[in-house]
Amino acid sequence: MLPPVSPSGPAALEVEGVSVSYGKFVAVESVTFSVRAGECVAVIGPNGHGKSSMVTAVAGLVRRGGVVRVFGRTLPVGSPGAAVRAGLVLVPERRHLYPELTTRDNIMLGGYSRTKRISARQAWEDVSGGVLDMFPELARLLDQKAGTLSGGQQQMVALARAMAAGPRVLLLDEPCLGLAEAVARRVYDWLAEMTSTDMTIVLVEENPVHALLVADRAVRMYKGLVERPEVTA
Amino acid sequence: MTEQGTAAAAAAGQDTRPPGAAVHRVRRRDPVPLAAAIGITVLGGLILAGMNGSYLGLTVTTGVGYAIVTVGMVLQLGYSRQLAFSQSVFMGVGGYGTAVLETKYGFSSIESLLAVIALAAVISLLMGAVVTRAPGLALALATLLLPLFIYQLATYSSWLGSFSGINGVLPFLTGPDYESTLVRSGIVSVLLLGLAAGLVLRVMRSGIGLQLMAMAEDERLGESIGVSLRQRRLEVFVLGSVLAAVGGAVLASAQGLVTPDLINESTQITLLLMVFVAGRKSIAGAILGAIVIEYLTTSTSFISTNIGIIEGIALLLILLVEPDGVAGAVDRLLGRRTDQWASSLRSWSAGRLRARGGGSVGSGSGV
Amino acid sequence: MSEFLNLLAAGLTSGGIYGIFGACLAVWFRVSNVLNLAVGDFAMFGAIGTAWLVQTGGLPFGFGIVADLAGVGLVAWLFDRLVLHFAFDRGKGAHGIVSVFFYTFGLSLVLEGAARAMFGTDVFAAPAIWPGAALAIADFHVQRAGVLVIALAIVSGLVLWSYLRFTVSGRAASACGESVLGARIVGIDSAKFRRRIFVVTAVLAALFGIVESPITGYTYMSGPTISLIGVVAAGFASFRRPGRAVAAGLAIGVAEAMLGGYVSTGYNDVLLYAILFGIIIFRPEVLGLGAEPA
């Protein structure tokens, strides 16, 4: 089954027997793996074999079977709010920004579950420093409606929104889908920076070559199952 | 696919049927519409003759009038998802048109029917050319306003009889006495319903029907398979409106009079309910729904006084549980039977193939 | 001149109702992508319910208002829990453009039927909150209730606008309508926002019904017409902006009054609806609905 969790680092994310079905269709049969704190694990495999469903279910957006633990804390099923509060944040495939809201508001809302502020401006000020440090190119886009941004800019905003939530475990579902080469490189540069911090990252990527540029190891999914638990880079 | 392409593919042994789960073969001689038209006329005629001019017969005839309208709405609302709330207004065109032409200009009942059809066609063409330009939500909003101001117009106009409407609308066919007049006119009404159902079925089961479905699913999809959206929208609007006018004429002639109630929102509401509850994609559903609901609204006093609550709850239940209405539920139940039958047939034939030593007829795994 | 001012006052009063209904519709649509076609019926229950509680039930006026508003809030909450929850949170039921109208349409039918069963077909008016004769300055008359309506409409519009514009909660509410998944990812509970704002706008509509009903009586059928104009007012605000909806409602009310005063009393509504119809069809961009290609 799995190699035991290394005693030198607590498991940031433990996924045990997670399964996802849409009606009669079984998208994810049973997935088990764990990720140590600070690790970057890539989830690779052909499209349509359950990678997105698995990651979406782990983040609490879809009903699932099985158990998910974040730093030892078990997450309830179907509650993305609980996941975010435990430090698990998903950057979904196709971003799902709020097109009529400004970039500033999109990012600010990332911190929704942590902020106690009533005023939107103050909530923004709480997160703006850290986020703009990481993504300085967003500074001039703050007042633009998110729906008018380019694909690459939107991806930056989606990443910034996720970071505003103060995650300890970051799930990224195909972050470079549909992006131009230059932008994808920017995203991967950022990812590389993140891996050198103590952020735990799970990266769903169709292209294994890209993924293994930043990942410490990979998990391959095929037909809703984890194929080989360890593929070292 | 072009004609040549289709022929070539057919020669090569490929499946030349248009894509889509529903089988909409472009047949020249599809027997269903004609069969439905004849069936409805004969069945309805027999029923009305049996009722022999009683009050029930009158109720059924008014139900038939509504059914002609709802059949058009199946095309507009159920099939093409064109949210236009203008049917009651066109019923008014049909009803008031008939009344005015007959009482003020001495038209006969057949003449006024034809005139009203032409009138509705022209009005809906003009209106439709403008109105179908607007995106879905705008169309819905604008046509929500339509009954409001047409109703005001009718009630303030003394030429249109103000609140009391116009009396003296002729029945379609007269007979020696009241009862037989009712029966004969009723039969004409049922004939019109049969024609309407046949026409709509013909459209739905043609290549145009497939285009309408594609358009309803996703307008961009429709464009990508070469549908001229505006033209289709216009055609659907005109057909639905003309049918509504015919329905209005039937109602007026059955009741002998026309009042502004025909054009107000409650008529539109009743129509929507008939279509939704009975099943907005089903012709049979629309017809039965119209007749049943019309019967219920005029029958027991409990139901007619509380009709609002009952209609509201029925609508909510339908929306939540079975959006395709009663007809959809029936379809599902029947479909399950045919599914079981089909799957046992499949496994039987697979077994035969294997026994003959052929390859397995397996379904692919994964997505 | 005084006739103009009187018409203006009357127009602003009815316009205030249209406007606030438009604002209630716009705010809730922004959050839920559903049009509350029952908003007029909530107002009707406010007016008739309070009148009935006070006149027939014998409750003191203040209690009557509170009891009525609480009842309206409860009905709204129940509707969300029993119908909208299943439709939207559990993914059952009809979707797409149909859901925009027909759920609340069904509710409106039920409310009207219930009102008819409970209150009959009479005309009701809740007692005036600010009783007294019409205020007069020279030849200019305005009903006291009218002043209340206009003031309340402006204040409510401002409150709704500030909520959406300045607060985190308001931003989160808007996000719910923009992207369901996007909202859930950051931990926003869209169902809760939808429910709360539905209840708030229902109670607000009921309050307006109470305030305005001394001017025009309400029957069980009064709801739909005002709902419809409210929808149009909300339409002019792109179904998103409460401030603009209030302004649009006021404009429609004034137009209606002016048409009645200067053009024709009988046909003023006909003209008004015809004009609105024309705008929606010929200039859907005004509603934020682009004209379609092809």
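User: Two residues are in contact if their C-beta atoms, placed from the backbone, lie within 7 Å. On that basis, what share of the contacts in chain C with a separation of 6 or more comes from residues 24 or more positions apart?

Analyst: In this predicted model, residues 24 or more positions apart account for 76% of the contacts in chain C that have a separation of 6 or more.

User: And which elements is chain C built from, in what pattern?

Analyst: Chain C has 11 helices and 2 strands, and read along the sequence they follow the pattern α-α-α-α-β-β-α-α-α-α-α-α-α. The radius of gyration of chain C is 19 Å, close to the 19 Å that the globule rule gives for 294 residues, so chain C is as compact as a globular protein of that length.

User: What are the spans along the principal axes, and how much of chain C counts as buried?

Analyst: The C-alpha trace of chain C spans about 60 × 55 × 35 Å along its principal axes, and 57% of the 294 residues of chain C count as buried.

User: Staying in chain C, how do H6(C) and H8(C) cross?

Analyst: The axes of helix H6 (residues 168-178) and helix H8 (residues 190-212) of chain C come within 10 Å and cross at roughly 110°, which makes H6(C) roughly perpendicular to H8(C).

User: Which residues meet there?

Analyst: From H6(C), C:Ala172, C:Ala173 and C:Cys176 meet C:Ser190, C:Phe193, C:Arg194 and C:Ile197 of H8(C). By class, the residues of this contact divide into 5 nonpolar, 1 polar and 1 charged.

User: Switching to chain B, what about H4(B) against H11(B)?

Analyst: Helix H4 (residues 87-105) and helix H11 (residues 265-278) of chain B have axes that come within 8 Å and cross at roughly 115°, and H4(B) passes H11(B) in a right-handed crossing. On the H4(B) side, B:Gln87, B:Ser88 and B:Met91 meet B:Thr267, B:Gln268 and B:Leu271 in H11(B), and the residues of that contact divide into 2 nonpolar, 4 polar and no charged.

User: Last topic, how many residues are in contact between chain B and chain C?

Analyst: In that interface, 36 residues of chain B are in contact with 41 residues of chain C. On the chain B side, the elements that give two or more residues are helix H5 (109-131), helix H6 (136-156), helix H10 (229-255) and helix H14 (307-321).

User: Which of those gives the most, and what classes of residue are on that side?

Analyst: H6(B) gives the most, with 14 residues, and the side of chain B that touches chain C has 25 nonpolar, 5 polar and 6 charged residues.

Notes:
Residues are numbered from 1 along each chain as its sequence is written. Chains are lettered from A and ligands numbered from 1 in the order in which they are written. This is a predicted model: local features need pLDDT of at least 70, side-chain atom pairs count only at pLDDT 80 or more; totals for chains, interfaces and linings use all residues. Helices (H or I, at least four residues) and strands (E, at least two) are DSSP runs, numbered from the N terminus. Ala, Val, Leu, Ile, Met, Phe, Trp, Tyr, Cys and Pro count as nonpolar, Asp, Glu, Lys and Arg as charged, and the others, Gly among them, as polar. Axes are lines fitted to C-alpha atoms, for helices over the stretch in contact, and angles run from 0 to 180 degrees between N-to-C directions. A crossing is left-handed if the near helix is turned anticlockwise from the far one by less than a right angle, and right-handed if clockwise. The radius of gyration is taken over C-alpha atoms; the globule rule is 2.2 Å times the number of residues to the power 0.38. A residue is buried if 20 or more other C-beta atoms lie within 10 Å of its own, exposed if 12 or fewer, and partly exposed in between; C-beta atoms are placed from the backbone. Angles under 35 degrees count as roughly parallel, over 145 as roughly antiparallel, 65 to 115 as roughly perpendicular and the rest as oblique.
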